[in-house]
Amino acid sequence: MARSLRQSKIIEIITNNEIETQEELVSSLCSAGFDVTQATVSRDIKELGLIKIVGETKKYRYAFVGNGDSVGNNRSANIFREAVMWVKYINNLVVIKTIKGTAGAVSNFVDRLGIEHVMGCVYGEDTVMVIIDDQSVVSKISARLSEILES
C-alpha cells in the first residue's frame, strides 16, 4: 500500500506543481512525509509512465498521461482502489472520500475516465466532488466508480 500511496502523491505533486527533476520530486515527497530515494522515485516515474512536457514557464516538467490500458489493469485504477474509502451520491454530485492527501490523484483519474455527463471534479485533501450535468444519471455514474473500486 505504501507504494500506491506514494505514487498517488507523485501524481498529485506533478499535477499541482511544475516539477522539473527527480531531485525536486524527492524533495516534495520528503516534505509530504514520504521517506524516499532518487532510485525509488526513478522506478515510480517508470511505472507510472510519466513523461516530460513543456510547462507554463517554458521549462520541462513531469506529466502523467494514461497509457490506454483497460481500467482493470491501469496503474491509476490501482491507486484509485488503494486511496478511495467510499463513493456516494447526492443530487447532481458524486462524493468520493479518500485517504488524506490522495484526493488530487483520484480526481485526476476520474477526469481522465471521460465519463459522459461528468462536468469535472473539485477536490480537497480527502474528498472529491464529481459534478454531473444530468441528475438522472448520477446513480449510474456512482455505481460505475464503485465498480472500479471493487474490481
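**Helix H6**

In general, an α-helix has 3.6 residues a turn, so residues three or four places apart point the same way.

The model is predicted: local features need pLDDT of at least 70, side-chain atom pairs count only at pLDDT 80 or more, and totals for chains, interfaces and linings use all residues. Residues are numbered from 1 along each chain as its sequence is written, and side-chain values use heavy atoms, with hydrogens and water left out.

I then checked the length of H6: its 13 residues reach 18 Å from first C-alpha to last, close to the 18 Å expected at 1.5 Å a residue. The expected span is 1.5 Å times one less than the number of residues. Helices (H or I, at least four residues) and strands (E, at least two) are DSSP runs, numbered from the N terminus.

**The sheet**

I traced an open sheet of four strands in the order S3-S4-S6-S5, with antiparallel pairing; two strands pair if DSSP finds at least two bridges between them. Strands S3 (84-90) and S5 (118-123) are at the edges with a single partner strand each, so one side of each has no neighbour in the sheet. Neighbouring strands are turned by 20° against each other on average, direction ignored.

Six bridges join S3 to S4 (residues 93-98), and Val84 stands opposite Thr98 in S4. I recorded that H6 (residues 138-150) lies across S3, S4, S5 and S6 (127-132), at about 170° to S3. Axes are lines fitted to C-alpha atoms, for helices over the stretch in contact, and angles run from 0 to 180 degrees between N-to-C directions; contact means heavy atoms within 4.5 Å.

**Loops and cysteines**

I found Asn91 in the loop between S3 and S4, with phi near 50°, a positive value in a residue other than glycine. Asn91 is exposed, at a relative accessible area of 51%.

I searched the whole structure for disulfides (pairs of cysteine sulfur atoms within 2.5 Å) and found zero. Cys30 is partly exposed at 40% relative accessible area, whereas Cys121 is buried at 17%.

How values were computed. Buried < 20%, exposed > 50% of the residue type's maximum accessible area, 1.4 Å probe, protein only.
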